[in-house]
Amino acid sequence: MPLWELAVVLITALLLRGAVLYALWDRLADDPDLYQELAGNLVEHGQFARRIDGVLVPTAFRPPLYPLMLACLGGGESMLAVACLHLALGAATAAGVWLLARWAGLGRWSLLAAGLTICDPILLNQSSLVMTETLAVLLATAALVLLTAYERRPHTGTALLTGAVLGLACLCRPTFLPWLLLIPPMMWLVQGGRDGRSRFSWAACRGPLLLLVGAAVLLSPWAMRNAVLFGKPIVGTTHGGYTLWLSNNRAFYDYLEEHPPGALFDAERELPSLSAPDDPPPGPQRELVHDGRANAWARQAIFAEPDRFAWSCLVRVGRLWLPLPHATTPQESTARRLARYAVGGWYVLLYLAAGVGLLRWRADGRRAPWLWGLLLCFCLTAVHTLYFSNLRMRAPATAVLCLAAAAALSRRQPGASGVTRAHT
């Protein structure tokens, strides 16, 4: 593989993402999801905790990986440090997409796949915010790279490392958990019967089992910490009930019926408080009570009005994959509206190209990276059919879309995607 292409990819990513970060520099001071607060408390107090009513209490409301990375940078207070982190993550993602495209046989069009990833509007926007999308996309891309590497040359270390990266992805965003759980059985089904070997032989079961071991090693410290503090081995977060309730409640269902598509839903104004007089004092148990209460209210709304719930599922899937971003303010300026339409046009073209690419390469649908990429898209869609969704929630699938779009113009390179089998 020509290393000059990799150099071009890395330099382009650093220059373009760097320019965007410079233009949107002030946004790095915001902390919309309290990741900087969590990181700061880790540095100052050695606790993954947040302040509630002036009291520092342990929490599992947010996943731990991104705050831990910010803590390693001094708590995320340095905007320059966060910018450098996001630059490095973005460049590594582009390099991973280029490598995947090369392995998939896209030849010189691998540069296009990487370029589309670098220029992706969601990633450009989110790279200037202290949020998890930039890291999540890198981990998804790294997992695809390792899954493809394992198919090309099965190796014990590769399987363990793949599981570890998938575990890290789940610690970044719990929406990766269904992908982690579906990959091992799919790997066993697709790869287990090759070369005439039994599906129950060690050679067939080794990869899936080692992958699960690698993931368990990374996830178990977080689960054990939560078992001690919360009384439950929480692998994800205590945010799931709230996220389910956010898009499954009577106010949201009424909003879908009474407002045109794209109208803003103000959850803070429309939804009642989760607090109650008999709540425990601020601490882990209150967090569990609130999450359980939100979950119960969501289930009540779902079962009380199954027809409106079904419609809301379609709306959530639409919002996940919608090309055009929603307006974020009722009174939108002309410049912002034109920018939204430009982003919508980008994704329309990307979707059309990706559709053509998938049709042209459909014969490779059972091979890496296509199989694992499509499985990721399926898992994201399944999760956000039930849970709150918007355009940025599909960010982890960026590499898959860009690979498929580049495949629309490419021809398979002889021997580029052949699978080499070696067992160790």
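Author: Start with aromatic rings. Rings of Phe, Tyr and Trp, the last by its six-membered ring, pair if their centres lie within 6.5 Å. Here, ring pairs link Tyr 242, Trp 245 and Trp 297 into a cluster. Keep in mind that this is a predicted model.

Reader: How many aromatic pairs does a search of the whole structure find?

Author: The search finds ten aromatic pairs.

Reader: What describes a pair of aromatic rings?

Author: The distance of the centres and the angle of the planes describe it. Take Tyr 35 and Tyr 66. Their ring centres are 5.4 Å apart and their planes stand at 85°, so this pair is edge-to-face. The cut-off for that label is over 60 degrees.

Reader: Where do Tyr 35 and Tyr 66 lie?

Author: Tyr 35 is in helix H2, residues 35-45, and Tyr 66 is in helix H3, residues 65-72. They are 31 residues apart, and the pair links distant parts of the chain.

Reader: Are Tyr 35 and Tyr 66 buried or exposed?

Author: Both Tyr 35 and Tyr 66 are buried. Now try another pair, Tyr 255 and Phe 265. The ring centres are 5.1 Å apart and the planes are at 45°, so this pair is tilted. Tyr 255 lies in helix H12 (residues 250-258), and Phe 265 lies in the loop between H12 and helix H13 (267-270). The pair therefore ties together parts that are ten residues apart in sequence.

Reader: Why does Tyr 255 count as buried?

Author: Buried means under 20% relative accessible area. Tyr 255 has 6%, so it is buried.

Reader: Which charged residues lie over rings?

Author: Arg 50 lies over the face of Phe 61, at 4.8 Å from the ring centre. The charged end of Arg 394 sits over the ring of Tyr 347, 4.6 Å from its centre.

Reader: How many disulfides are there?

Author: A disulfide needs two cysteine sulfur atoms within 2.5 Å. By this rule the count is zero. Cys 170 is in no disulfide: its nearest cysteine sulfur, that of Cys 172, is 9.7 Å away. Cys 170 is buried, with a relative accessible area of 2%. Cys 172 is buried too, at 1%.

Reader: What can I read from the backbone?

Author: Most residues other than glycine have a negative phi, and most peptide bonds are trans. Look for the exceptions. Leu 34 has a positive phi of about 65° although it is not a glycine. Leu 34 is in the loop between helix H1 (3-23) and H2, and counts as partly exposed at 36% relative accessibility. Asp 53 has a positive phi as well, near 55°. Asp 53 lies in the loop between strand E1 (49-52) and strand E2 (55-58).

Reader: Is Asp 53 buried or exposed?

Author: Asp 53 counts as exposed, at 65% relative accessibility.

Reader: Which peptide bond is cis?

Author: The bond from Ala 368 to Pro 369 is cis, with omega near 0°. Pro 369 is found in the loop between helix H16 (334-360) and helix H17 (370-386).

Reader: What does UniProt list as "transmembrane region"?

Author: The unreviewed UniProt entry lists several spans, including residues 200-223 and 338-358. In this model, residues 200-223 are 92% helix and 0% strand, with end C-alpha atoms 30 Å apart. Residues 338-358 are 100% helix and 0% strand, and their end C-alpha atoms lie 30 Å apart.

Terms used
Residues numbered from 1 in each chain as written. Predicted model: local features only at pLDDT ≥ 70, side-chain atom pairs only at ≥ 80, totals over all residues. Heavy atoms only, no water. Buried < 20%, exposed > 50% of the residue type's maximum accessible area, 1.4 Å probe, protein only. Phe/Tyr/Trp six-rings, centres within 6.5 Å; stacked < 30°, edge-to-face > 60°. Helix = DSSP H or I, 4+ residues; strand = E, 2+ residues; numbered from the N terminus. Lys NZ or Arg CZ within 6 Å of the ring centre and 35° of its normal. UniProt positions renumbered as here; feature names shortened; annotations may be inferred.
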